[in-house]
There are 4 protein chains.
Amino acid sequence: MNPIEKLTFQFERFPGIGPRQARRFVQYLLGSSPSSRNDLAEQIKSLGSFTAQCSQCFRWYAKREQKGDTLKSPGVKALPFCDICSDPNRDKSLLFVVEKDADIENVERSGFKGLYFVLGGTIPLAEEYPEKFVRTRELTARVEYDAVSQTLKELILGLSATTEGDHTRLILQEKLIPMSEKSAFKISSLGRGLSTGSELEYADPDTISEALGNRH
Amino acid sequence: MNPIEKLTFQFERFPGIGPRQARRFVQYLLGSSPSSRNDLAEQIKSLGSFTAQCSQCFRWYAKREQKGDTLKSPGVKALPFCDICSDPNRDKSLLFVVEKDADIENVERSGFKGLYFVLGGTIPLAEEYPEKFVRTRELTARVEYDAVSQTLKELILGLSATTEGDHTRLILQEKLIPMSEKSAFKISSLGRGLSTGSELEYADPDTISEALGNRH
Amino acid sequence: MNPIEKLTFQFERFPGIGPRQARRFVQYLLGSSPSSRNDLAEQIKSLGSFTAQCSQCFRWYAKREQKGDTLKSPGVKALPFCDICSDPNRDKSLLFVVEKDADIENVERSGFKGLYFVLGGTIPLAEEYPEKFVRTRELTARVEYDAVSQTLKELILGLSATTEGDHTRLILQEKLIPMSEKSAFKISSLGRGLSTGSELEYADPDTISEALGNRH
Amino acid sequence: MNPIEKLTFQFERFPGIGPRQARRFVQYLLGSSPSSRNDLAEQIKSLGSFTAQCSQCFRWYAKREQKGDTLKSPGVKALPFCDICSDPNRDKSLLFVVEKDADIENVERSGFKGLYFVLGGTIPLAEEYPEKFVRTRELTARVEYDAVSQTLKELILGLSATTEGDHTRLILQEKLIPMSEKSAFKISSLGRGLSTGSELEYADPDTISEALGNRH
């Protein structure tokens, strides 16, 4: 493979990118200036030095210096947790379990003020070892830790309203219910119903009965 | 216009049908047997004789003879109300206001056992005379009638989760709240949240905060 | 089945119509006036009396009285052929074989002035008896008849540029080539190449080599 | 902007990539190993050293050493032209003018054996200075050079079958016709017609008349 084909092949591994679009990306870079290519390369290379996965919520975040600014050079000492986990104003009694980082951005926009835990995906049906796919162990460790200090009052399971999401929710509930009984925190799930923009005519019976159940 | 063009033009007025599909319909009928064309024509012509709009819920229904069978000949005396409104086993304390007939089929599948009222659509924004678009007068008359016999305990507004649906809901609430206070029935709306199949990443902030509010 | 369900079922058999749209059609008709329903029914019922399948090109057409106007009453004697086949100004030396009636409308718009033959579809791959699917017998009879009067100079095979279209073309050529050699008419196929709106980047190799072969 | 947002912003400038997919790319890279990120960065950074734009056809190509292998280190002397332009077996009498690099890959698959010229796009309608958008000057210089050695016999304009493509073709023809008359080479355009997969019913009148004109 020549350098053009090799780079095309790299872009084909990006999520949602096929051979044709991968080739377009390479053409776009070939047509860019060397300095802007260097810029992009530098940013990709240093991504690891300036970012970290939060050891509490497992979300990726940009490291900041102790005073709060984004890190300028990789050597400087960074804050240990992400900006949400280290924010003293967040409500530590609420833990929102989400599938992936992108979910957090969306939930933040809705005004939620508690903390998060990024599970890392959903558990495939008929999968015997869920811990290979998602952070079930890390979640139970986190919950156990919170239980000691008795900060946790409610754990919200924010999984997709899909078959895999429901399956994942059941498995997590099984693991978490004994802990919730011992440490007196609540386990809740997101309410279902008509989502913005949807019409009764096209809603499925499950959504309608949930929407009826949640009427107010 | 010749007979082929005239019939094409008729089909173009069917909901969601453009000129190309209208022509396909005519070609399909040209290729059918005369007897099956006659059959279809007969069914369309007699639609009015064998169906009626329920004078209580305004839904279209197939007329039945007094004993319960579908009407065989147009002269026979039919039951005055649709099969849902005349069913003694339905819960008369619940009134579900929907936009159109198709919504009822969907709600029935979810197991709802109360009564319905078909509004006939939504009210366009900035429309001064809602009664020109939807059955607001018929709805208030119905509610007033129920109030006399004190059967109504809850009126559920089952409008689309769209801007027009919300607008319609507000106008109806304005009209209905004074009646509800006088006659002690509740006015409720369908719960919102994640609908089946949706993921947190793609949900809008409103849906997320409703889903959070409805968590259980 | 009640009258509403029965009519819904009839519309489900229309080309491209599923249960949901069929129900919408019935709702649309329920909401129409009885007179407009009667109108539609009349037009469907009389479709057969006012139209005929041309015995020369097999296209469906609106019957006209001897003077030329569209037929007003079913009893009157109509012209024997469709308006294209009976038009003395059409070029009888060119015969354009198309798959279906809708193709003719489209070809007419391109300014073609010859005659047509409607094959009735394409022949499925691996089908032993093509005459069950398309009018191969009627086509060879027509060509034989034209050969006697030596009017036919060129037969154009206007089939889809698809695998089934190509397959049908091969079978027709096999049957027609001996006749064309005896009666000295040409058999041609539509040129292939870039169609309006298409770009080189997305064209398949076949289309490109045809477009190269047809360059001018 | 922090490093995550900055890189997201870079990916948003990639062709066809919106904010959501840009974020997914960054998440994908955050989840990759540092070594694979370094790999990608290295390939992007060195893209310019190992590739060149052919000074004859203006296509981007991977530089090769004099013996023919892809360049291993940036210092080594590379062949001056791309592998197509420097291939002695290509037919130098045919020059295929295409819009972009990706077109060449497609034309190669169709078996074309001549040479290419990459125009760099199409000329917007009502644009006074076409040379700002596409390589009209470089094209005329190339044609003039070929004219001296009398190698060029035919120049094929392989533009999109779109309004802009047609407009570009007309402008190029205007510039090239005087040269073609002086130096006795032909200017041709790709044939149009039904492209693979298309049906007569959905073809536009232009495509049908071209397909009729190109029948064979």
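How many residues of chain B are in contact with residues of chain A? The legends below concern a predicted model, in which local features need pLDDT of at least 70, side-chain atom pairs count only at pLDDT 80 or more, and totals for chains, interfaces and linings use all residues. Residues are numbered from 1 along each chain as its sequence is written, while chains are lettered from A and ligands numbered from 1 in the order in which they are written.

**View 1. The interface of chain B with chain A.** In this interface, 44 residues of chain B are in contact with 44 residues of chain A (contact: C-beta atoms, placed from the backbone, within 7 Å). At least two residues of this side of chain B are supplied by each of α5, β6 (186-189) and α8 (205-213); helices (H or I, at least four residues) and strands (E, at least two) are DSSP runs numbered from the N terminus. The largest share, nine residues, comes from α8(B). By class, the side of chain B that touches chain A holds 14 nonpolar, 19 polar and eleven charged residues, where Ala, Val, Leu, Ile, Met, Phe, Trp, Tyr, Cys and Pro count as nonpolar, Asp, Glu, Lys and Arg as charged, and the others, Gly among them, as polar.

**View 2. The axis relating chain B to chain A.** The same surface serves both copies, as 100% of the contact residues of chain B recur in chain A.

**View 3. The interface of chain B with chain C.** Here 34 residues of chain B are in contact with 34 residues of chain C. The elements α1 (3-12), α2 (19-30), α3 (34-45), α4 (47-50), β2 (60-62) and α5 (101-109) of chain B each supply at least two residues of this side. The side of chain B that touches chain C comprises 18 nonpolar, ten polar and six charged residues.

**View 4. The axis relating chain B to chain C.** A rotation of 180 degrees, with 0.0 Å of shift along its axis, superposes chain B on chain C (RMSD 0.1 Å). That is the relation of a two-fold axis. Of the residues of chain B, A41(B) comes closest to the rotation axis, its C-alpha lying at 2.1 Å. The same surface serves both copies, with 100% of the contact residues of chain B recurring in chain C.

Key. Two residues are in contact if their C-beta atoms, placed from the backbone, lie within 7 Å. Copies are superposed by least squares on the C-alpha atoms of residues with pLDDT of at least 70 in both.
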